[in-house]
Amino acid sequence: RVKMSVSHCSLSGKLLTEPVVSTKTGHVFEKEVIEVQVKRKGQCPITGIDLAPEDLLPLQVDRAVEPKMVQGASVPGMLSILQTEWDTLMLETYTMKQHLHQVRQELSQSLYQYDAACRVIARLMKERDDAREELAQAQTRIAQVAKEEEVKNMEVEDESEKGLYPALVEKMKTLFASLITARKQRKVPSELAKEDTIANYTEKSSYTIHSVGKKAGINFLEQRDKFSLSSGVDGKAVLFNLEEGRIHETISGHKGSLNCSKFIGSSQDILLCGSDSVASVWHGTEENTKYKQVTKFTHHSKGILSGSVHPLHEYGCFTAKDASWSFCNFQTGAVLHQVKDEDGAIYNWGEFHPDGLMFITGGSDSKLTIWDMREGNAQLELDAHSGPIRRVAFSEKGTQMASCAENDPVVKIWDLRKISKKKPLKELKHEKNIDIYGLKFDKTGQYFGACGNTVEIYQTKNWNNFAHFENSEQICRDFLFGENASLIALGGKKSD
């Protein structure tokens with residue numbers, strides 16, 4: 001190491017703290033400063049000669065003492081420095097206060113604009129909500145006016161053409177033709193449960209969905225999609241979700257037992273028939289499950305025993321204990337046709353043929369009567385059973401009909417293509433069923449069932465009884481097939 005008396009960097013002119021000397025040029029530099037220059041350009045910044053870090057030699061020099069400022073060498077000079085610093089501080093403070101005042105003004109203006117914007121938005125939202133409410137009210141009024149006009153037109157039509165008027169008959173004929181065509185094209189779904197699958201069905205769950213006690217029991221079961229509709233002795237209809245196992249809606253509007261309840265087409269409307277001599281149509285929506293009564297029929301003087309929905313879905317028939325049946329308009333509440341038995345026989349049950357041109361009644365006189373809906377007249381009478389007819393059911397194919405009677409263990413199957421011979425196609429005797437209450441074909445027409453003390457399931461091609469279900473604690477008053485016979489649901493009351 002070489003010890004020299006050097007105090008300033010040749011490049012920056014500042015006092016040296018860690019000096020180095022170039023072996024090529026002899027200039028003295030601050031180590032940190034010259035290393036940056038060498039790395040950047042590889043040359044001496046003063047002479048331009050190529051220079052590498054290895055060409056820099058550290059020096060040991062005496063520490064230089066920085067000279068004192070001339071002003072700080074006396075009291076007046078010190079006071080002058082302090083005065084200058086004070087003035088600078090005050091000026092900076094004044095400037096900051098000006099900036100603070102300006103920022104406050106800008107913030108105040110922004111808050112005012114924000115408040116004004118919030119008020120405008122609130123007013124616009126209120127105007128929007130008011131406009132929506134007025135629009136909804138206007139739509140409701142328009143719908144009511146349209147419905148009133150439709151009802152008036154129907155009433156005028158009904159007044160001018162009472163009974164089974166030509167226009168209605170023509171609608172029935174058109175529907176008949178279309179249903180016949182569609183039925184011929186219909187195929188058995190591949191998802192339909194097989195016989196051995198149905199035969200192995202076991203009880204999955206049990207629900208009490210109607211009142212218990214003296215008013216316990218189910219009179220009738222109907223199914224559509226994932227819902228079942230049950231008619232209770234307690235006067236209530238229960239819409240039950242079969243997939244989720246819960247009550248979807250309970251409809252209460254009748255006094256006494258509810259004998260029958262039906263879905264009206266694919267709509268949300270439901271038909272109820274009660275022993276209080278009243279039939280009613282109830283309407284609900286998917287958004288609001290609360291059903292409301294829209295039409296009420298009180299023209300029968302005694303309890304209504306059954307109700308059947310015409311395939312047009314605007315009309316239906318009722319049978320009642322006053323020995324009459326009637327054909328009515330569900331929308332207007334008009335009674336278009338009514339027939340009373342001259343001998344006072346009660347029509348215990350009535351059912352429309354799937355095509356809609358035929359209506360079948362089963363009476364207390366043990367007779368099945370086929371009515372032609374084009375004229376409303378009896379077309380054929382069958383001495384079907386030895387006791388009062390209890391239930392009638394049609395196959396969806398429209399070619400077969402089943403009937404049963406009180407205190408009669410025999411179910412009779414009728415081929416409608418050969419009905420003029422007045423002989424049943426098949427007689428199914430149930431040894432354990434002293435009383436048969438319910439009859440059902442599944443929607444494909446492949447399976448048929450009858451219930452009482454037991455439920456017996458048959459294959460409709462050869463009428464083989466391939467499945468048997470029994471509940472020792474319950475008398476089955478009715479049952480239903482699930483979609484594609486994926487389940488069988490039983491409804492009834494506790495056995496005595």
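This is a predicted model: local features need pLDDT of at least 70, side-chain atom pairs count only at pLDDT 80 or more; totals for chains, interfaces and linings use all residues.
The protein has 30 strands and 4 helices. Its radius of gyration is 49 Å, well over the 23 Å that the globule rule gives for 496 residues, so the protein is more spread out than a compact globule. Here is a quick tour, by topic.

**Overall dimensions**
- The C-alpha trace of the protein spans about 145 × 55 × 50 Å along its principal axes.

**Burial and surface**
- Of the 496 residues in the protein, 43% are buried.
- The protein has an accessible surface of about 28500 Å², and carbon and sulfur atoms hold 51% of that area.

**Charges**
- The protein carries 63 positive and 68 negative charges.

**A residue to look at: Gly213**
- You will find Gly213 in the loop that runs between helix 4 (195-199) and strand 5 (218-224).
- Gly213 has a relative accessibility of 56%, and because the cut-off for exposed is over 50%, this glycine counts as exposed.
- Gly213 and Thr17 are 196 residues apart along the chain, and their C-alpha atoms are separated by 108 Å.

Definitions and conventions:
Residues are numbered from 1 along each chain as its sequence is written. Side-chain values use heavy atoms; hydrogens and water are left out. Helices (H or I, at least four residues) and strands (E, at least two) are DSSP runs, numbered from the N terminus. The radius of gyration is taken over C-alpha atoms; the globule rule is 2.2 Å times the number of residues to the power 0.38. Buried means under 20% relative accessible area, exposed over 50%, partly exposed in between (1.4 Å probe, protein chains only). Accessible areas come from the Shrake-Rupley method with a 1.4 Å probe; for residues, only the protein chains shown count as cover. Lys and Arg count as positive and Asp and Glu as negative; His and the chain ends are not counted. The place of a charge is taken as NZ of Lys, CZ of Arg, CG of Asp or CD of Glu.
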